[in-house]
Amino acid sequence: MARIGADLNSEFDDRADFPGTLTGGEDPVRRLAEWLAHKYKSRITGQLLVPARPGRYAPLPDDLDPRLKTALTGRGIAQLYSHQQAAWEAARAGRHMVVVTPTASGKTLCYNLPVLHDALNHQAKALYLFPTKALSQDQVAEILELNAAGELGVRAYTFDGDTPGDARKAVRTRGDIVVSNPDMLHQGILPHHTKWAQFFENLRYVVIDEMHTYRGVFGSHVANVIRRLRRICRFYNADPLFILCSATIANPAELAEQLLGEQVVAITESGAPQGEKHLLLWNPPVINPDLGIRASARSQSTRVARMAVRNGLKTIVFAQTRLMVEVLTKYLKDVFDKDPRKPPRVAAYRGGYLPTERRATEKKLRAGNIHCVITTSALELGVDIGALDVCILTGYPGTIAGTWQRLGRAGRRQRPALGVLVASSQPLDQYIIRNPEFFLGASPEHARIDPDQLLILLDHVRCAAFELPFQQGERFGKENLEELLGYLEEEGILHKEGARWHWTADSYPANAVSLRSVAEGNFVVVDITDGGQNIVAEVDFSSAPMTIYEGAIYMVQASPYQVERLDWVGRKAFVRRTRVDYYTDAIDYTKLKILDDFERDRDGQAECARGEVHLVRRIAGYKKIRYYTHENIGYGNINLPDQEMHTTSVWWQVAPEALAEALPSRQEALDGFLGAAYAMHHVAALTMMCEPHDLGRAVGDGDATWFATVGANGRGQLRSFEGELNPEAQGRFRPAVFLYDNYPGGVGISAPLFDQRRAVVHGARELIGACDCLYGCPACVGPILASDEVRGYSPKSASLKVLELLHANVP
Amino acid sequence: MSLKSRLNTLRQQSGTAPASPTPPAASGQPPAPSFAERVRRLQGPFERPAAKRPARMAPEELALHLGGELLAPGVILIERRVELPAAHGGYALSTLAQGPVAYPEAEVDPAGMIFLDTETTGLAGGSGTTVFLLGLGRVEGRDLVIRQYFLSAFSGEATLLDAAGEWLNGAEGMVTYNGKRFDLPLLTTRCRLAGVRDRFVELPHLDLLYPTRRAFSSRWEDCRLVTAEQRLLRFFRENDLPGSEAPESWFSFIHFGDAARLPAVAKHNYWDILSLAALLPALSAVHDEPGAWEADILAVARAHQREGDEAKGFALLRRHRAVLDAEGLMELAALYRRGEEWSQACLIWEMLAERDHMEAVERLAKYHEHVRRDFASALRYAERLPPGPHHDRRRERLRERSSGRPAGRTPERNL
């Protein structure tokens, strides 16, 4: 108890001046870093100091257009960084390239130089693709500044959903540089390529920035959009050079080559100078050793943020979910924005806010008017928000690459910067934080895409066939194109005449294909408090069921709104401002049925298989959780349509007889399976180097008769959608752990996961076995309740028994 | 599993409908598709019983079926001549030969015009939409000649566009209905894809949808071509194939050789061209005498004014004063005011003021204050205006003026 008391008292010490004996010197970031490392020694499990690095430079190229030289000199650029020079030379040599350098290392010049040079000398046109509209606007502003400095007269325009109809023609016919995004290219440009004929005929460069965001499903779609783009270019006899830019990932050249279908040069050595960077790995203290419960990452993050802001440091706090952004914002606003007459110092920034609100926040950040911003991955990308000093990660972002990208947000001005990674009680976080050498030494993740995923490929073959008839012998992806075309012909949307397939349907296929997800249109959140109808936010289709059900508390800038009515068909949620002391969290059930198995591996009593599954997800209700105490103060029902998905999965089972022998109590077996699944899910994400939500997890019979879930009492329950079942009353009892590819049709995670089937079980066993807790905790088998001590067995040991059974005779 | 069954299963579950049901595969590795299965696949899901569907016609036979001739492989030309004395509905086509007709924006001679309308594979736009029937009309001597170019195979597209384009030689302009947004951009796209010179955009273009909307959007339930031809030409189609069925008619021909509905599509397009031709003089007459056609007189008058013929607009409003609504009357009064014909302007304002038209009341208040300097009358009108800072100031000023005190700040009584 003494430890807890000390901890509570220290909540209030963050305004203390730092003792002068520390060696941090005058720099406030360095002082804070050393103070934290000293004061909270027991919580810091790892430290890293990346020393400052001087720049490496090269003179401006001799063959660079003199007007461009003048423009650069006018902007104070008298020499290039070495990577900018390397990019210039690759472009001169006509080689596709990918440039991988940190934030603020001047990567935009890598493409702007060759593009502007050829625009000035050969009327060459360029297409820039950014993943978001906000980045496009930043980019155009930057080119315009350079333009003005050298009076270059190069015309750069954005072309996206916000471009007014009467301006579009001017962009098409007069733009030298058109800045757009993959979605617009897919739906607005390629299907209308004849209107862009002049542009395509002179297209010399395609720039794809933030390439690392094009992974998974989105990346697989984008690779196909690029296939279509190159096909249209060939029609106009153009063969543009591709310049891709990426944040650090393990396989930039491989990803670029997959996206492009061509070889690329990789430029990975940054010549830009870098200020020193301090990194602290922070594990919240254990506050209940029996339950293995640690103080929350949220409480630790707010504390570090308070100290940083009080010491005048500009701070960014990353949270894992939009909900957590709102909770953190509320807590920090309660401290720093108590006086409503003063302009706010704390702001939230996340997906779902309206673009105008986001732009306003970006502007305040650049101007230095906001001292602390709380955000999700929305600010991970290169949105220009100026210089920040401290970056706090509330929870491990799930990937090593993502962690470094977020940490890169601090220290842009070549000044010392501090990053603090605060672990949550999730197993992945605890694994990372207890094995700091793993994190500090590991390479970032591979970005995987599967451009030939059948459904995605079919979508784009359809779009491509609309754009230009396919010719016999043409290639598009790795599947047999003629067979795909035959399929579409059979559907009646293509007609083969001679050696060509013509589009014969009254439709516009690109409108039916969304690159980002299977989303079917965003929901808007409408505030009806004052009798009006103000749109206050947008929610994407996939997260709508979990966030804007009737009764939900939906937060915008930490102000709570209650959802009164959800118009599912009209995609609207009507909300009213409210004053409550709780937030809501949805409960979802998943039932799953095995349809077919592709491969299986029997190993003694254990069996592991991979195959196709059909799953139905139901959001059954929600919990009301009180602020600050986080106690559960009630439940509500949710009535929403079930969501179905067909995907591929790997599952692990034990022969019923062996299970009954090892775990005679079915209740205990159930708890064991749920705990094992919890640990296996997280270990699998780590092993596969994917993000945890790329995989779904379920425990059930594989026949959609029953599934298991943790009930309100902290125990495993056997359920059907109709209600709770008695485990002992079931017939043959053969539970399975499912880890499935969380995307319809799958994007290729299940096959490598099956290959790693033993490593996953082995890793889960290690994770649980090495955990300090007594009965099980959120860091190994998932949260358990205080009363679990009286179960007569511990969930932890039950989980270990299950894993042993699954592990069988592994050498 | 075959590609097809893989796709079908996936698409079923992801909520998209598969092409056709596949018999469930036996567990384990399904066998490669049987020959019958492959044949069935080749035949396609839309196949109807063979007995009901006539055999695919030979090209010459198809041309005959459509009343045309085979121009080139994949292109059938249907030509018809209509003698100009003929009537189209209740409208005499002879007007086409009576010299130029006027619109606010242009004066055009129907004899030099190309009337153009297309039937397409859809309304979505973009490069996947094909023009399969291109209908053109122009006056030759005493006839209106209609030429329809029908695409019977994709391979004929370049020839079709070239042949139709050549027939434009010597024309002075083009007339369409919604061609600015639809037919012309589509032809530009088709020419670009086929690698053919786009002669269609080269001609000056009058799109009759805009004059029609101007005159009738406030009068008719819609401004579709069929509405215009019924109302203005008294032409009522019998057994017309709805335009929305045109794509499907052509698709069943292309896929299965089913030419049954093609003559109806051609007939539909033929009527479109005839109506288009007749509407050119008819709509001009509407702009000359909108009252006679129950058109929106104010909108037409404004169009004349906007295009520089203010006198004509003014004259129209004067002539139709009896049928103008309040907005039209206010516009007429404004024109009178500009010409300082105060008595005429006041007549209108007073009539409207009786109906509590507040803008008219304000006009009268201003008129009496600034022109007649009759402050008492001005105040009577101003008193009727609704409260508000602007009107309050006017009332205050007028009270002072009408009671003989100079305008300005209220004198402080106590001083």
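The model is predicted. Its largest nonpolar core has 218 residues. An open sheet in chain A has 3 strands.

**Helix pair α4/α5, chain A**
- Helix α4 (residues 82-92) of chain A packs against helix α5 (residues 107-122) of chain A at about 35°, and the axes are 9 Å apart.
- The crossing of α4(A) and α5(A) is right-handed.
- On the α4(A) side, the contact uses His83(A), Gln84(A), Ala87(A), Trp88(A) and Ala91(A).
- On the α5(A) side, it uses Leu109(A), Cys110(A), Leu113(A) and Pro114(A).
- By class, this contact has 7 nonpolar residues, 2 polar and no charged ones.

**Three-stranded sheet, chain A**
- The strand order is β19-β21-β20, with antiparallel pairing.
- β19 (470-471) and β20 (494-497) of chain A are the edge strands; each has a single partner, so one side of each lacks a neighbour in the sheet.
- β20(A) pairs with β21 (residues 500-503) of chain A over 4 bridges.
- Glu497(A) has Arg500(A), in β21(A), as its bridge partner.
- Helix α19 (residues 481-490) of chain A packs on the sheet and touches β19, β20 and β21 of chain A.
- The direction of α19 makes about 115° with that of β20(A).

**Nonpolar cores**
- In the largest core, Ile548(A), Met680(A) and Val737(A) have the most contacts inside it.
- Helix α22 (residues 666-688) of chain A gives this core its largest share, 14 residues.
- Beyond neighbours within four places in sequence, Met680(A) is in contact with Val737(A), Leu739(A), Val760(A), Val761(A) and Ala764(A).
- Another core lies apart, with 96 residues, among them Ile76(B), Ile78(B), Val131(B) and Leu364(B).

Notes. Residues numbered from 1 in each chain as written. Chains lettered and ligands numbered in written order. Predicted model: local features only at pLDDT ≥ 70, side-chain atom pairs only at ≥ 80, totals over all residues. Axes fitted to C-alpha atoms, helices over the stretch in contact; angles between N-to-C directions. Helix = DSSP H or I, 4+ residues; strand = E, 2+ residues; numbered from the N terminus. Left-handed = near helix turned anticlockwise from the far one by under 90°. Contact = placed C-beta atoms within 7 Å. Nonpolar A, V, L, I, M, F, W, Y, C, P; charged D, E, K, R; others polar. Pairing = 2+ DSSP bridges. Core = buried A, V, L, I, M, F, W, Y, C linked by C-beta atoms within 7 Å. Buried ≥ 20, exposed ≤ 12 C-beta atoms within 10 Å, placed from the backbone.
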